[in-house]
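Student: I have a model open and I'd like to learn how to read it. Could you take me through some features, one at a time?

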Amino acid sequence: MTAGRTPERNEHENYRSRVRGSLLGGAIGDALGAPIEFWSRDRIHAECGPDGVRSYLPESVDGADIYGRITDDTQMTLFTVEGMIRASVRQDRGLGFTVGVLHHAYDRWLDTQLLEGPDGERDGWLINERWLYSRRAPGNTCLSALEIPRGGRRKLEQFGTEATNTSKGCGGVMRSAPFGLVPPWVWPLDWQFDAAAQAAGYTHGHPTGQVASGALAALIGALVRGSELDRAIDEVITQLRARHGFAEVYQAINQAIETARRGPNPEHIESLGGGWVAEEALAMAIYAALVYPDPGQVLDALALSVTHSGDSDSTGAICGNILGALHGETALPPELAFEVEGRHTILTLADDFIYEFTSGDRLHGDYGPFTRWTDRYPGW
């Protein structure tokens, strides 16, 4: 791990709040939008009122109403977090931070979609969280890209290879926020951008899907550094212009900025698309955050981000990632935060991510210390 400098106490606490806020905020936005995915805007307003979706709608599970259920967006984000911790642990071997370790993490996520429960063949702790063994309408692109023909396990040399499809669906960008959460004293924005784009490429082969994923990571990274939202977007645009295949993402973000100047309106957010493809999902989330930028407006922004007839859970998840990184954990609406599914797991992973990237030298190293951390997060 790049040691960098030791952060001051206040800086560390601020960083911790943003990490926890971004991951929990993403889950809240995901769960807020999940039940209304595929609903028309007219139906949403008829059933939820003129202000859109501001509370969890019930989902029937085994005859009982359940509130705050997350989707594959949050599931894959959690495995991204775990994969990044394990990639950092792997540096004890003198190999550097290898993004390909994330491919292995997504293989573990695939197990949760194909198996009824843990089979004892995988290591680490996250794969043994039984609540994750539930299919929540996972994207076909992610499933097909990660599927291993004829069964078995992916060979070592296959990890880190780009998907052969041409998809630019939002399944890459929806899970990319953790790359922006690496502390600013560890890695720069351009690393965050490129690493997220590379990891998105394991399931999505289109350059736009990869660039959009990198753009979200850079946006989160700029916010974690303390930039205001407008300034953070400017930093993303600077990063975009240095990348091949940036045009569609650049255009979508600029359209979001222009649309935000017209104020909040469900018709305006739908003018940006449906959120099914990466650049649209990112633009819609940015738009909602721009028109409701204050800490006391988080629920307004989340409601706007999901109140449309498109991929509401993904746009909500991305918006929640942005708002949590911008304002920190305490700005999240408690009436949604307390009930979101998997909150304990989400916040445990957030804290472990922080431990690894701020105090990893107290947990593991080439020549010690040798703690049980490496059982929890094996380095591969």
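Student: Let's start with helix H13. Which residues of H13 are buried?

Tutor: Buried means under 20% relative accessible area, exposed means over 50%, and partly exposed is in between, using a 1.4 Å probe and protein chains only. In H13 the buried residues are Val298, Leu299, Ala301, Leu302, Ala303, Leu304, Ser305 and Val306. That is eight of the nine residues of H13, so this helix is largely enclosed by the rest of the structure. Helices here are DSSP runs of H or I with at least four residues, strands are runs of E with at least two, and both are numbered from the N terminus. One caution: this is a predicted model, where local features need pLDDT of at least 70 and side-chain atom pairs count only at pLDDT 80 or more, while totals for chains, interfaces and linings use all residues. Residues are numbered from 1 along each chain as its sequence is written, and side-chain values use heavy atoms, with hydrogens and water left out.

Student: What do the buried residues of H13 pack against?

Tutor: Contact means heavy atoms within 4.5 Å. The buried residues of H13 pack against helix H1 (9-33), helix H2 (41-48), helix H11 (266-270), H12, helix H14 (312-327) and helix H15 (334-337).

Student: Take H12 and H13, then. At what angle do their axes cross?

Tutor: Axes are lines fitted to C-alpha atoms, for helices over the stretch in contact, and angles run from 0 to 180 degrees between N-to-C directions. Under 35 degrees counts as roughly parallel, over 145 as roughly antiparallel, 65 to 115 as roughly perpendicular, and the rest as oblique. The axes of H12 and H13 (residues 298-306) come within 8 Å and cross at roughly 150°, which means H12 is roughly antiparallel to H13. On the H12 side the contact is made by Tyr287, Ala288 and Val291, and on the H13 side by Ala301, Leu304 and Ser305. For residue classes, Ala, Val, Leu, Ile, Met, Phe, Trp, Tyr, Cys and Pro count as nonpolar, Asp, Glu, Lys and Arg as charged, and the others, Gly among them, as polar. The contact of H12 with H13 comes out as five nonpolar, one polar and no charged residues.

Student: And how do H10 and H12 run, parallel or antiparallel?

Tutor: Helix H10 (residues 247-260) and helix H12 (residues 278-291) have axes that come within 8 Å and cross at roughly 25°. That makes H10 roughly parallel to H12. Residues making the contact include Glu248, Val249 and Thr259 of H10, and Glu279, Leu282 and Tyr287 of H12. By class, the residues of this contact divide into 12 nonpolar, one polar and two charged.

Student: Thr259 is in that list. Is Thr259 buried or exposed?

Tutor: Thr259 counts as buried, at 4% relative accessibility. Leaving out residues up to four places away in sequence, Thr259 touches His268, Ser271, Leu272 and Tyr287.

Student: How about a polar contact? Which side chain does the side chain of Thr208 make one with?

Tutor: A polar contact is a pair of N or O atoms within 3.5 Å; within protein, one must be able to donate a hydrogen and the other to accept it, and residues adjacent in sequence count only if both atoms are side-chain atoms. The side chain of Thr208 makes one with the side chain of Glu248 (2.5 Å). Thr208 lies in helix H8 (residues 207-224) and counts as buried at 3% relative accessibility.

Student: Thr112 has a polar contact too. What is its partner?

Tutor: The side chain of Thr112 pairs with the side chain of Gln113 (3.0 Å). Thr112 sits in helix H4 (residues 101-114) and is buried, with a relative accessible area of 1%.

Student: Last topic, the backbone. Which residues join through a cis peptide bond?

Tutor: Most residues other than glycine have a negative phi, and most peptide bonds are trans. Here a cis peptide bond joins Gly368 and Pro369, with omega about 5°. Pro369 is found in the loop between helix H16 (343-359) and H17.

Student: Where does a positive phi turn up?

Tutor: Phe38 has a positive phi of about 85° although it is not a glycine. Phe38 is in the loop between H1 and H2 and is exposed, with a relative accessible area of 65%. Ala137 also has a positive phi, near 55°. Ala137 lies in the loop between H4 and helix H5 (140-146) and is exposed at 60% relative accessible area.
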